[in-house]
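Please examine the sequence and the model shown below. The paragraphs that follow lead through selected parts of the model, one after another.

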Amino acid sequence: MKRFVFALISIIYFFISCDNSTKAYDNDIEENSSLNLVRYAENFEIYPYKSGYKLIIKNLSKRNDTEFYLFNDSIKIPSDLNDKIIIRTPINSAIAFSSTQWAVFQKLGELDRVKGILESNYTKNEEILRLVSEGEIIDVGMSTNVNTEKVIHLQPDLILYTPYPTLDFSDLGKLSGSTMLPFPDYLESHPLGRAEWMKVIGILCGKENVTNKWFSDVVERYESLSSICSEVEDKPTVFSDLPFENQWYVPGGKSYIAKIFNDAGADYIWKHNESTGSLHIDAENVLLNAQNADYWRVINSYDEPFTYERLAKENELYPLFKAFKEKQLLVCDVRECGYFEQSQYEPDVLLADFIYHFHPDLLKKEWKNYAPKYFKKLVK
């Protein structure tokens, strides 16, 4: 019943919004401040508010939410919001700390609004690298060492930052005169919840109708794919990742990637764990629990060729795993694809990747001749 009601509201909203992109709601819907337009994400909420939007960014750990009110430039600011944080849309300029932020600007054809980013040396995106080399986008440093002088020089309308608990960016807003908007998309444990953050960028660019349609299409494809695996009885087992500096961190049982494994019809080795983050597990216990797993999911960022021979030389434990012996490593080479930039907004594609490996016979219709985009089987 709830799903039906939401779908009905969404249809009404869609047709209303198509009529005028600067006025998203009629009077009846404007006054419905309880209508949260966010379906899957847990770390932000969007409500209609007097011909604009109220955006709430949540801090679930500290129970400290931040409210923003977003209005198109053509709309007069309501007098009751004089002491609130106001953002005029579409914004003219922004600094995006994360690739998951600027990737949406790029998808919407709005990269000219992005004046600064962090850590451009880590991206392989040709357009971003070109704009940085031409000085159209400025690299303002690293998340742990932001160049304050460059930020002040740019004076962007908005700074989209990742609110890591150990980092404090509060002075950047004061010094640059920019509005600081936290963007904790990485905390979402549902794949569609992470993808839903595209809606924030859509409103900032004045293209909420475009991102609403984009997101609806992603949801439809994701749910269609997950439904074909919902009754699978023969589920392969899978585990994830390589140790980092001799420490093995694996996704928790309620994490983003664990959800995708489950929706792809697989049994994640640590599925009964309740954590949404990473687990620190010693190598002996990883071997004990995952030695006979059917598949092994790995992210590869090595500059050198990534092969079974190299892995065997790197760690004597690797050849003891069944997935290694049977060459069932599913590897994402981040040097060749935009995994960290694009996959968050393509959870349907990511899901299709794993279904392709776990249950290829289930991919039909539009997915019939599918070729994995991110995760491919390591053969050598």
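**A guided reading of the model**

Ser133 counts as exposed, at 60% relative accessibility; here exposed means over 50% relative accessible area, buried means under 20%, and partly exposed lies in between, computed with a 1.4 Å probe on protein chains only. This is a predicted model, in which local features need pLDDT of at least 70 and side-chain atom pairs count only at pLDDT 80 or more, while totals for chains, interfaces and linings use all residues. Residues are numbered from 1 along each chain as its sequence is written, and side-chain values use heavy atoms, with hydrogens and water left out.

Ser133 belongs to helix H4, which covers residues 126–133. Helices (H or I, at least four residues) and strands (E, at least two) are DSSP runs numbered from the N terminus. The side chain of Ser133 reaches the backbone oxygen of Arg130 at 2.7 Å. Such a polar contact is a pair of N or O atoms within 3.5 Å; within protein, one atom must be able to donate a hydrogen and the other to accept it, and residues adjacent in sequence count only if both atoms are side-chain atoms. At the start of H4, a side-chain oxygen of Asn125 comes to within 3.1 Å of the backbone nitrogen of Glu127. After H4 comes Gly135, with a positive phi near 80°.

The loop between strand E6 (114–117) and H4 contains Glu119. Glu119 is not a glycine, yet its phi is positive, about 50°. Its relative accessible area is 24%, so Glu119 is partly exposed. Lys327 also has a positive phi, near 55°, in a residue other than glycine. Lys327 is found in the loop between helix H13 (322–325) and E17, and it is partly exposed because its relative accessible area is 40%. Another loop, between strand E4 (86–89) and strand E5 (94–96), holds Pro90. The peptide bond from Thr89 to Pro90 is cis, with omega near -5°.

Two strands pair if DSSP finds at least two bridges between them. Strand E17, residues 329–333, is joined to E18 by two bridges, and these strands run antiparallel. Leu330 stands opposite Lys377 in E18.

Is Asp348 buried or exposed? Asp348 is buried, because its relative accessible area is 3%. Asp348 lies in helix H15, residues 347–358. Leaving aside residues up to four places away in sequence, Asp348 touches Val218, Arg221, Tyr222, Leu225 and Trp367, where contact means heavy atoms within 4.5 Å.

The structure holds two cavities of 30 Å³ or more. On a 1 Å grid over the protein atoms alone, a cavity is a set of points where a 1.4 Å probe fits but cannot get out, and lining residues have an atom within 4 Å of a point. Grid points are joined across faces, edges and corners, and a volume is the space filled by probe spheres set on the points. The second largest cavity has a volume of about 30 Å³. Its lining consists of Ile46, Leu55, Leu70, Val200 and Ile203. By class, this lining has five nonpolar, no polar and no charged residues. Ala, Val, Leu, Ile, Met, Phe, Trp, Tyr, Cys and Pro count as nonpolar, Asp, Glu, Lys and Arg as charged, and the others, Gly among them, as polar.

Note on methods
1 Å grid on protein atoms, 1.4 Å probe; cavity = no way out; pocket = protein on both sides within 12 Å on 5 of 7 lines; lining within 4 Å.
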